[in-house]
Amino acid sequence: MYKWVRAMCVVLAFVLLVGTLSGCSQGTQGEPQGGEPPAPKDTLRVALTSEPPSLTTCDHDSLISVGLNLLTFNSLYKIDHASLLPVPDLAYEYSVENDTEWTFKLKEGVKFHNGDLFTAHDVVATIEYAKTVPGSTLYTGSIKSVEAIDDYTVKITTHKPYAGLLYDLGYHYNFILPKSLIEKGHDFNMEPIGTGPYKLVSWDYGNSLKYEAFEDYFDADHKAKIKNLEFVIIPEGASRAIALEAGEVDFVWEVSGADVARLNANPNVNVLEVDTVDNVTLFMNNDVKPFDDPNVRRAINYAINRQDIIDGALNGYGRVNYSVISQGFWGSTNKNAPEYNLDKAREYLNAWGGDPSTINLPILCSNETRVAIATIIQSNLAQLGIKVEVVPMDTATYFAKWTAGDYVGVIASWSPSNSLTYVQRFHSNRRNAYPGSLNSPEIDALVLQAEGTIDNDARLALIEEIVSEVNLLSPQISLYQSVWLRAHHKDLAGIVCSATGYTAYNDFYWKK
Amino acid sequence: MIRYMIKRLLAMIPVLIGITFLVFMIMQLAPGDPARLILGENASPEEVKELREQMGLEDPVLVQYFRYMVNLCKGDMGKSYITNRLVASEVAARFPYTLKLALVSAAVSILIAIPLGIIAAVKQNTIFDNTCMVLSLVGISMPAFWMALMLVLVFSLRLGWLPVQGANMGWRSYVLPSIAIGFMNMAAIARTTRSSMLETIRQDYVRTAKSKGISNASAILGHAFPNALIPTVTVVGVQLGGLIGGAVLTETVFAWPGLGRLIVQSVNARDVPMILGCMVVMSVSFSVINLVVDLLYGLLDPRVKSMYA
């Protein structure tokens, strides 16, 4: 018995020693050391944070799903990753008559994954189908009718002059599906057949999604350069980073700020900081007193130190934004945006005339980062005597509360793909749909005018005017623009990450 | 014995009805609208209402529950609100991962903990006993999440022996998750076995057996150990039942595609059919494990077996 006990003690001590020494060693993290063999260079493995709820185009509002939709589908016009402006995709040009009739010329010879040729009839079938799906109004509501003039010409008529049509056509609800499959009631979730650069091969629920390059992809410049694309679902941030270091994945879609220093120290890994248009904002219920008074909102706006938030809650990964609209959009401006200034904050409180200690601002927060942000806001506003209550809750409850208007303050983010969509939310007809919306006839008139102005220069001036006017009214308080962290193997190149959060995996390639 | 088993299996029916009803009602009371979560902030109230009608959420709660139960009796667990996939097929895809991990973890913990518990009891108050109990305390106290991350850092990243995540690498995928879970469970089993053995080895019948001249090992393993096993079997049964529910944190760290992660995702998304589907599978599994544990009591102790007759 003693022999057995001694042997066990020796084995245990050895395991502990090996574990401790290897865990404490600072050896070079060179070539992939993980259990998996090195990735063959015709495969790209990407770590995602969660599983996409759907691979169809029409029944979700998920950033991850849209990212995967972009692999398998195309649209008439798409949002350019760099400029965030609409550029031709399946159409090559358009013309507008009477400000409401848009005629699109379509590219010929484009094939769907099932071999069908893309024509104007697919566009008609797609848009008519999308209009029947709940949740599509924002993207298809402006379209009155769509008709195929011939096989490669399609005419879209809008209810009234509407400048946002090209952007709307670039949203996932309007990604083009083959007419023949729509008519058969095809399940695009199981088999997302489009014209995109990749085809779905398999979906192992909860585990991985595998794609392969579509050889007949129509756009030679953006044809997939890596044959196989695999997404693995790794919910935990530290595990994603370790999987990259161990060579089990090649690209991490979302890196946690806490892992950046370690990844930066690894010579085989590059970390990317992607400046985004995701605007994290403190919304206040402008129907609740005293937040219906612009002086109070402006005082709060001046009193919040954005840099404190970025340093204290975000490990430095954020960009200060004072304007109601994200910087980086066509039409963004900082004009009239209140920058951090406590003296000005006190002036506006005095102009309001009430007792600051009577102001109570409960802020709903849906995650730990937002709790940290609200806590910093709490200390900032305490300098004015304003009381802030931090209210953490789960995402579903948080979402239900603020969409029902059952809130006073809420931290949320918004990242639309264009400035027109952004300013549209300041129209009073969005009052029930969005927090922080306005009820100003002057702003309403400007928004309607911008929506109906097809001429780009004239619309640009209008958007800038709306933003500067809304900055004065401070219906919502921009805190920062997110910096999203991505990381990849050093031999991976051609990486394109847009400011709206999407990644063009088809442009990636291996250096060697 | 067979009559007893049939009775126990039939007793699962009211348990299932009770659990599904309770979960259904709790999810109704919880704030958050699945239709709003699916459509996002951009959808109008009319669109949300339309989708709620399509999903049957506008019907009275009891009607929804009755419809669910009728379909469940036909083997139809419905479709997920979020993914629109069949709940049965998704649960069927995830459950084997959870079951296999639970069984491997249980095996790891039993194979290590029971010998440790026996030796610790036999060598009471020696350095071995104290070391085992300190390790048990560490195992119980150490957060599974931290333990899992440390294992990954050492054995995957530094040594490169085992995969960091996923379940696609055969037996190698099971090693770290089962150690992470098994170590925690091992502690409780070892402590229970030790206490139970300490009580048993002092019984008169063990002393009598020794006085008859049989070896110490035979007296301990042949006479004391089977009688000391009942509390250990109870602990193992409860732990296994818990593992069937999914070791959520361990599954998260190792990106294990099991039921635990699926339930958490579904609760966050208020995906009631998926939650109910998971709960039904977990309840049945838990009930079956309890039944097996009760039957094992009978095998271990003839007095219990005589009660079944």
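In the predicted model, the C-alpha centres of domain 1 of chain B and domain 2 of chain B lie 33 Å apart. The domain assignment places residues 2-73 of chain B in domain 1 and residues 94-308 in domain 2. Contact between the two involves 19 residues from domain 1 of chain B and 20 residues from domain 2 of chain B. Together, domain 1 and domain 2 of chain B bury about 1,700 Å² between them, with 80% of this area on carbon and sulfur atoms. On the side of domain 1 of chain B, the residues that lose the most area to domain 2 of chain B are B:Tyr4, B:Met12 and B:Met27, which together account for 31% of what that side buries.

The side of domain 1 of chain B that touches domain 2 of chain B draws at least two residues from each of α1 (2-29), α2 (34-39) and α4 (61-73) of chain B. Of these helices, α1(B) supplies the largest share, twelve residues. By class, this side of domain 1 of chain B comprises 16 nonpolar residues, two polar residues and one charged residue.

The interface between the chains was examined in the same terms. Here 54 residues of chain B are in contact with 60 residues of chain A, and the two chains bury about 4,900 Å² between them, 59% of it on carbon and sulfur atoms. Two salt bridges are found across the interface of chain B and chain A; in one of them, the side chains of B:Arg94 and A:Glu51 meet with an N to O distance of 3.3 Å. Eight residue pairs, both members at pLDDT 80 or more, are in polar contact across the interface of chain B and chain A. The side of chain B that touches chain A receives two or more residues from each of α2, α3 (45-55), α5 (87-122), α6 (127-141), α7 (144-158), α11 (248-253) and α12 (259-268) of chain B, and α7(B) gives the most, with eight residues. The residues on this side of chain B divide into 29 nonpolar, twelve polar and 13 charged.

Aromatic pairing was considered over all chains, where the count comes to 22 pairs. In one such pair, the ring centres of A:Tyr211 and A:Phe231 lie 5.8 Å apart and the ring planes stand at 85°, so the arrangement is edge-to-face, an angle over 60 degrees being the criterion for that class. This pair links distant parts of the chain, with A:Tyr211 in strand β9 (residues 208-213) of chain A and A:Phe231 in strand β10 (residues 228-233) of chain A, 20 residues apart.

Two features of the backbone of chain A remain to be described. Most residues other than glycine have a negative phi, and most peptide bonds are trans. A cis peptide bond, with omega about 0°, joins A:Lys289 and A:Pro290, and A:Pro290 is found in the loop between β12 (269-284) and α9 (294-303) of chain A. A:Leu84, although not a glycine, has a positive phi of about 60°; A:Leu84 is located in the loop between β2 (77-79) and β3 (86-88) of chain A.

Definitions and conventions:
Residues are numbered from 1 along each chain as its sequence is written. Chains are lettered from A and ligands numbered from 1 in the order in which they are written. This is a predicted model: local features need pLDDT of at least 70, side-chain atom pairs count only at pLDDT 80 or more; totals for chains, interfaces and linings use all residues. Side-chain values use heavy atoms; hydrogens and water are left out. Domain bounds come from an automatic or database domain assignment. Contact means heavy atoms within 4.5 Å. Buried area is the accessible area (1.4 Å probe) that two parts lose on being put together, summed over both. Helices (H or I, at least four residues) and strands (E, at least two) are DSSP runs, numbered from the N terminus. Ala, Val, Leu, Ile, Met, Phe, Trp, Tyr, Cys and Pro count as nonpolar, Asp, Glu, Lys and Arg as charged, and the others, Gly among them, as polar. A salt bridge is a side-chain nitrogen of Lys or Arg within 4 Å of a carboxyl oxygen of Asp or Glu. A polar contact is a pair of N or O atoms within 3.5 Å; within protein, one must be able to donate a hydrogen and the other to accept it, and residues adjacent in sequence count only if both atoms are side-chain atoms. Rings of Phe, Tyr and Trp (its six-membered ring) pair if their centres lie within 6.5 Å; planes under 30 degrees apart count as stacked, over 60 as edge-to-face and the rest as tilted.
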